[in-house]
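Dear colleague,

I am handing over the structure below, and my notes on what was found in it follow directly after it.

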Amino acid sequence: MLHWFNQKFLSPKTFYTTSSSLLPWFIAAFVLCFGYGLIAGLFFAPADYQQGDGFRIIYVHVPSAFAAMAIYSVMAVSAVLTLVFRIKIAAICMSCSAQIGAWFTFLALVTGSIWGKPMWGTWWIWDARLTSVLILLFLYLGFIALQSVITDQQNRDRAGAIVAIVGVINLPIIHYSVIWWNTLHQGPTISQFATPSIAPSMLYPLLAMIAAFLFFYAVILILCMQNQILLREIKSQWTKEVLCYDY
Amino acid sequence: MHSLQPNKLTIDNLAFERNNQFLFREINFALQAGDLLQVRGANGSGKSTLLRMLAGFIEPQGGTILWQDKSICQHRDAYQQQLHYLGHHNGIKHSLTVYENLQLHAALMTNKPEPNHLKTAIKQVDLTHVSHTQAIHLSAGQLRRLGLARLLLHPIPLWILDEPTTALDADGQALLGHLLKQHLTNGGMAIIATHQTLAILHNTKTIYLGEQHV
Amino acid sequence: MTINQLIDMGGYGAYIWTTYAITLLVFGINLFTSIHEKRRVKKMIQQYWAQPSKLT
Amino acid sequence: MFSSLFTIMRHEILMTMRQAFSWLTPLLFFVIVVCLFPLALGPDTDLLNKVAPAIIWVAALLAILMSIGNIFRSDAEEGYLDLLLLSPVPLTLLVLCKVFSHWMTNCLPLILISPLLGLLLHLNAHEEYALIITLLLGTPVLSLLGAIGAALIVGIRGHGLLLPILIMPLYIPVLIFGTGTMMAANANLPINGYFAIMGALILLSLASAPLLTGLALRIGVNQ
């Protein structure tokens, strides 16, 4: 049953054609959300009463941090699908997600750091959130490093899956221990997002940006997965046929 | 050594590819109690890979391996208890003595290591004079003999030996032939990768890997 | 509201515009590499099928 | 089954003891790294007492990371790993056996010498007590998690610095709770609660790590 489902819907070829037809929609959704979020966030949302216009960094910092976390959970799910059900495209999804996730994590760190300069007067502060994101970056980089040194395709998929699973088990533990460590050391207690109720005019652009980041992830994921699929299936006849219609 | 249950190993259309190139494919054979299979081929033709696949370490990309008509993918653990694998490296810990190595191997097979049993095995492969020497001081041939001694600890139907004759002297090769014959007449089966033709035994099958022999 | 005010962002202009620039840069890198990779893969496949004897 | 597990463990420990360098090197590394810090920071008693938990824990972490990377290396080179995989004994138990013997030979010496290093860094009796208990509770977790990484890289040549990248982020909770406990001890706060948390970490890693290590080993031998 599962095998049949795998053959029918999760075969690389089906995935390739389906995702190709979905791609324009994702691009359109990304452009819409990103355009609205960018303009509304930068120009129409009112300035924060504490942070002034400086808070506008939130519209890239929070979505990138959120997307980075979300992508890691996508990776973990794909890892389970790879290891237990041996679904090929899950493995491809995992390794593609890792790259994008690492980029988003990097983005969250850099934007967080730039935000820190006007708010705290320093480029880096060991607050719980930034530290967690930093560790998340290490987890991503560890995954990528391991996958890059293994030559055999199947082993690379499975070894990566194990790392992703170990990471996702540990991530909550790391996160809470970092929070606990932060309170223990009585660090700066300025929380970036302490505002209890956020005005809708500030919130909607944020939600739009989060959606935009996730759509962007989907777009890059599809492109990256298609490349991987073509490389892996280079010997199948369909790769030749599919490319005739492609852009 | 008591007789073994009648067993059956069937290989159907086995294939292995790496980096989009087939190392081998369409490997078919069937082995029954008392059969010996020689795998021959040039260096790099995939002999070791095939043997590791038959031992259940590597998954085949195509085809099936059936043990007693059951696929080993589903029953790998049960299957792997039915085989001895002797690879390029003999699985010998260099800092242990010959005797201790066999003790360890027996423990890994969940055998109760009886001293006499171990001593007999050591004697059979003619290592008694070094039985309390650390393996690091042994020669390559002696290590190989020690590897062979492991096969004698516990009667197991399928032997998979990867180039067992390397490093063995004439006596050692004769010993190997003798042990194999004994194993086969007891109803065992063996798969051997080799460059040389072994002393012909009854029921010997041969497959060639690589292009030049087809 | 002048253009200058927009760019200045209440004194935070430098930080904000750097942040958004970096974001766009990261997005651009990701897009560029995946499209570039696609071209490379496409070429590889064309070469693969252009080889005279392909039995599989 | 248990008699064979016992035999395997005994032989593992025997092997390590015969190669003195394999258990002495991490110990010496640990001692030397700890001794470097007073030289770098200056002989200020208060300062050393304040940073002592961090120094000892980071040094212990690095020493264990160094030694755990080799836990399956010689096994793979000697073909012994194949035998482990073929054995009727569940791989999870064999891994547990190996990790336990690694802990006995590589971590226990560190723990035994740590009070001495604590003296060098001016820890008082209460802090010494906290140090020993936290190391006793924390090092098994480090060994167990490290084994996963070691198994993943077992077939890879020239992996050098890959293991720290893979494993270090996972060591962070142990590091945080280990040093946190000692800071609480330094401030004369009750520390039993911290011990409980570290105990929970041990249980969690005991439940998951050997299984994942076994999986990783099955992949590793393919290479």
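In chain B of this predicted model, five strands form an open sheet in the order S6-S7-S8-S3-S9, with parallel pairing; strands and helices are DSSP runs numbered from the N terminus (E, at least two residues, for strands; H or I, at least four, for helices), and two strands pair if DSSP finds at least two bridges between them. Because S6 (83-86) and S9 (204-208) of chain B each have a single partner strand, they stand at the edges, and one side of each is left without a neighbour in the sheet. On average, neighbouring strands of this sheet are turned by 15° against each other, direction ignored (axes are lines fitted to C-alpha atoms, for helices over the stretch in contact, and angles run from 0 to 180 degrees between N-to-C directions).

Strand S3 (residues 36-40) of chain B runs parallel to S9(B) and is joined to it by five bridges, with B:Thr204 in S9(B) as the bridge partner of B:Leu36. Helix H6 (residues 170-185) of chain B lies across S3, S7 (158-162) and S8 (189-193) of that chain, at about 145° to S8(B).

Between chains, contact (C-beta atoms, placed from the backbone, within 7 Å) involves 24 residues from chain D and 25 residues from chain B. On the chain D side, H1(D) gives the largest share, eight residues.

Residues are numbered from 1 along each chain as its sequence is written, while chains are lettered from A and ligands numbered from 1 in the order in which they are written. Because this is a predicted model, local features need pLDDT of at least 70 and side-chain atom pairs count only at pLDDT 80 or more, whereas totals for chains, interfaces and linings use all residues.

Best regards

Notes:
Two residues are in contact if their C-beta atoms, placed from the backbone, lie within 7 Å.
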